[in-house]
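I opened this model to look up its side-chain pairings.

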Amino acid sequence: MRLEPLIAKLIYIDERSEGRDKVYSTMNMKVAVLLENGFEELEAMGPIALLRRGGLDVDMIGVNNEEQVTGRFGVTYSSVFPMNKYDFSDVDCLVLPGGPH
């Protein structure tokens, strides 16, 4: 299975693949997932799992500057960077999961 349908915007073509099948690389690509209390767990954790399996570096960011966030159904994640302390300069993609509001 190729990754291009899942994360096409994040994948670049390795120029050394001329004349052969294209080689795709996600090395050193960073994704920030913005989370607020009440986020929809499935909309956040599904993409996080797929992106990490694809070799991307994924960070969870608490938009309320908290180090933990609780989803709509009470699941709390504590490996969260506070947004006011996070450096977005090397981020290649933002993921914005939905919530009840």
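**Entry 1: a polar contact.** For polar contacts I used this cut-off: a pair of N or O atoms within 3.5 Å, where within protein one must be able to donate a hydrogen and the other to accept it, and residues adjacent in sequence count only if both atoms are side-chain atoms. I noted that the model is a predicted one. I then looked up Lys-30. The side chains of Lys-30 and Asp-59 are joined by a polar contact of 3.0 Å. I placed Lys-30 in strand β3. Is Lys-30 buried or exposed? Lys-30 is buried, because its relative accessible area is 18% and the limit for buried is under 20%.

**Entry 2: the surroundings of Lys-30.** I listed what Lys-30 touches, leaving out residues up to four places away in sequence. I found Asp-57, Asp-59, Tyr-86, Asp-90, Val-91, Asp-92 and Cys-93. Two of these names, Asp-57 and Asp-59, came up again in the salt bridges, where they form a network with Lys-30.

**Entry 3: salt bridges.** How many salt bridges does the structure hold? I found three.

I took Lys-30 with Asp-57 to begin. Their side chains meet at 3.4 Å, N to O. This pair links distant parts of the chain, with Lys-30 in strand β3 (residues 30-35) and Asp-57 in strand β4 (residues 57-62), 27 residues apart. Asp-57 has 37% relative accessibility, so I logged Asp-57 as partly exposed.

I went on to Asp-59 with Lys-30. This salt bridge has an N to O distance of 3.0 Å. Asp-59 is in strand β4 and Lys-30 is in strand β3, so the pair ties together parts that are 29 residues apart in sequence. Asp-59 counts as buried, because its relative accessibility is 9%.

I then turned to Glu-40 and Arg-72. Their side chains form a salt bridge at 2.9 Å, N to O. This pair also links distant parts of the chain. Glu-40 sits in the loop between β3 and α2 (41-53), and Arg-72 sits in the loop between β5 (69-70) and β6 (76-77). The two residues are 32 apart. Glu-40 has a relative accessibility of 16% and so counts as buried. Arg-72, at 46% relative accessible area, is partly exposed.

**Entry 4: a glycine in the β3–α2 loop.** I looked up Gly-38 and placed this residue in the loop between β3 and α2. Gly-38 is buried, with a relative accessible area of 14%. How far apart are the C-alpha atoms of Gly-38 and Gly-74? I read 8.1 Å, for residues 36 apart along the chain.

**Entry 5: aromatic rings.** I searched the whole structure and found three aromatic pairs. I wrote down the pair of Phe-81 and Tyr-86. Their ring centres are 5.6 Å apart and their planes stand at 50°, so this pair is tilted. Why tilted? Planes under 30 degrees apart count as stacked and over 60 as edge-to-face, so the 50° of this pair falls to the remaining class.

I also wrote down Tyr-86 with Phe-88. This pair is edge-to-face, at 4.8 Å centre to centre and 75° between the planes. Ring pairs link Phe-81, Tyr-86 and Phe-88 into a cluster.

I checked the accessibility of these residues. Phe-81 is partly exposed at 40%. Tyr-86 is buried, with a relative accessible area of 12%. Phe-88 is partly exposed at 29%.

**Entry 6: nonpolar cores.** I looked for the largest nonpolar core and counted 15 residues in it. Which residues have the most contacts inside it? They are Val-31, Val-33, Leu-35 and Val-58. The elements giving two or more residues to this core are β3, α2 and β4.

Terms used:
Residues are numbered from 1 along each chain as its sequence is written. This is a predicted model: local features need pLDDT of at least 70, side-chain atom pairs count only at pLDDT 80 or more; totals for chains, interfaces and linings use all residues. Side-chain values use heavy atoms; hydrogens and water are left out. Rings of Phe, Tyr and Trp (its six-membered ring) pair if their centres lie within 6.5 Å; planes under 30 degrees apart count as stacked, over 60 as edge-to-face and the rest as tilted. Buried means under 20% relative accessible area, exposed over 50%, partly exposed in between (1.4 Å probe, protein chains only). A salt bridge is a side-chain nitrogen of Lys or Arg within 4 Å of a carboxyl oxygen of Asp or Glu. Helices (H or I, at least four residues) and strands (E, at least two) are DSSP runs, numbered from the N terminus. Contact means heavy atoms within 4.5 Å. A nonpolar core is a set of buried Ala, Val, Leu, Ile, Met, Phe, Trp, Tyr and Cys residues joined through side-chain atoms within 4.5 Å.
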